[in-house]
Amino acid sequence: MRSDSKTLVGHIIEVTGADFVARLISEDEGYTPEISVGSDRIRVGQVGSYMMVEQFGYRVLAIVESMWQEDDGTGEIIRMVRMNPVGELSSGGDFYRGVAHYPVTGAELHIVTADMLTGLFSGYAEANYKVGHLSAFESIEAYIEPSSFFGRHVAILGQSGAGKSWSVTSLIQSALKSMPNAHVVLLDLAGEYGLKPGDLRSHSAFPKDKTRCIDAEDLEMPYWLLTFAELVDLLIDADDEDAPVQIAFLRSAVLELKREGNQHLDLGHITVDTPLYFSLDDLVKRFKDANESTTSFGKSKTALFGKFDQLLVKLQSRMNDTRYDFLLRPKKRTSSDTLPSLMRDFVGLGEPRAKVTVIDLSSVPYDIHHTVTSQIGRLAFEFNYWNPRCREFPLFLVCEEAHSYIPRHGSKEHEQTRRAMERIAKTGRKYGVGICVVSQRPHELSETVLAQCSSFVCLRISNPDDQSYVRELVPDAARGMLDALPTLAQGEAIVVGEAVPMPIRVQIYMPDPPPNSSNIDYAGEWSHGPEEISVEDMVDRWRKQER
């Protein structure tokens, strides 16, 4: 594409550090709104399309931000385009991000053909991780560089109905095809991705022989695996005037119980955060004894008398609620020796083995979502932090509806979850732990996590506040393309960041099978749906907390 008259469409008339403005050739000079190059039909100046600026042997690739026309005062129409530069092409055709050789006015403007775009993606196609096709060129498959995408963290952002679940499913399905030894842990808050026993309507969104869907109740992430800070959040009300006394007593009691109950392991140094079993019943007994402690044969109350009333009421209430059994009354995880089997199940090394572990949190009480998600984030990090072969066994944690438990601002109850997920975002890359946050409200999501994401999959977003926030997150070169966010189709996304050679608008492959989150057919069901349902069955499920 060196001064080729077939692809020449204009000349640069203005250059800044952030954008170029070009004047397209006139109709007398051969302008047509659409050019045919081989089998490709290319619309000249289409918003979101790519153009090449050539001068002095240098070639700069740019994305069209806007196009308009003016009257030159003599009745002639002048067509103009504004573009954002994204990188340069070497003489050998290799693409490099950033611009070192800015053009000057008069530089030639050329259209970019499908063959050239295919060449640009060739360097990203080595792992064969293809996720869709370019929206403007259906014949060009879109490839993503997996090490950057999974290892340097990613955010999938879009409003309800834009195709977030569709995209998550499709991206993981594509990963399993090109990288069959993947290790993905997916937090499923709404039961969208896994097969539920006894539910004929549900299905697994991923190959059955590579997927294990575990209900949080069956996995059992017991209380004794919580850090001390998480135990404090679970058991102690920060507004209780006796909270400082309760925290001090809890620390002492937990440490003593861990040491007493695990002497056979011969660990030497044990801290309050060491992942070791202790009896919750014994802990409750210690609280009760301290709360009722007296001296002088019951005539005098000790300093601890009555200090644990609220704590005991709160704890006993939860212990008596069967919804909390997976956390407070585990049946399988009843000794320190069961920790290896839990971690095996967690990362897909248990039986049956799996490349995708879907952890269904739909049955977890909302008021302890933050406790469970915090524990999951911490376990993912700790697994590879202590794994001497972590670089050979990278993990990828997908956080659905992340804004609900990794909020930008929130109450103290979300602090531990934010801390666990932000630790992965900040240092997980060193130990082979990547994170993907999926959200329909990006401006409510932790800034720290989003700031550490090197790739963004931006689906349709109509909310002006969310649009503005997303524009601030992505590189300048993609901001013009993001003006199209409200008009994207379902499953269509603008992908920017290190995992792609340049910002791209891509139609993500339709997942097969799709997740269990398809839109409900109101018209069909209200026209031909059932006249009767079993209310008794509904009430029974409600009482048993079984969906």
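1. Disulfides. A disulfide here is a pair of cysteine sulfur atoms within 2.5 Å, and a search of the whole structure finds zero of them. Cys213 is in no disulfide, the nearest cysteine sulfur being that of Cys399, 16 Å away. The sulfur of Cys453 has its closest cysteine sulfur in Cys436, at 7.8 Å, which is too far for a bond.

2. Basis. This is a predicted model, in which local features need pLDDT of at least 70 and side-chain atom pairs count only at pLDDT 80 or more, while totals for chains, interfaces and linings use all residues. Residues are numbered from 1 along each chain as its sequence is written, and side-chain values use heavy atoms, with hydrogens and water left out.

3. Buried means under 20% relative accessible area, exposed over 50%, and partly exposed in between (1.4 Å probe, protein chains only). Cys453 is buried at 7%, whereas Cys213 is partly exposed at 30%.

4. Cis peptide bonds. The bond from Glu351 to Pro352 is cis, with omega near 0°. The bond from Asp512 to Pro513 is also cis, with omega near 5°.

5. Positive phi. Glu220 is not a glycine, yet has a positive phi of about 60°; Glu220 is buried, with a relative accessible area of 5%. Glu401, likewise not a glycine, has a positive phi of about 50° and is partly exposed at 26% relative accessible area.

6. Exposed tryptophan. Trp542 has a relative accessible area of 61% and therefore counts as exposed. Trp542 lies in helix H17, residues 535-544 (helices are DSSP runs of H or I, at least four residues, numbered from the N terminus).

Note on methods. Helices (H or I, at least four residues) and strands (E, at least two) are DSSP runs, numbered from the N terminus.
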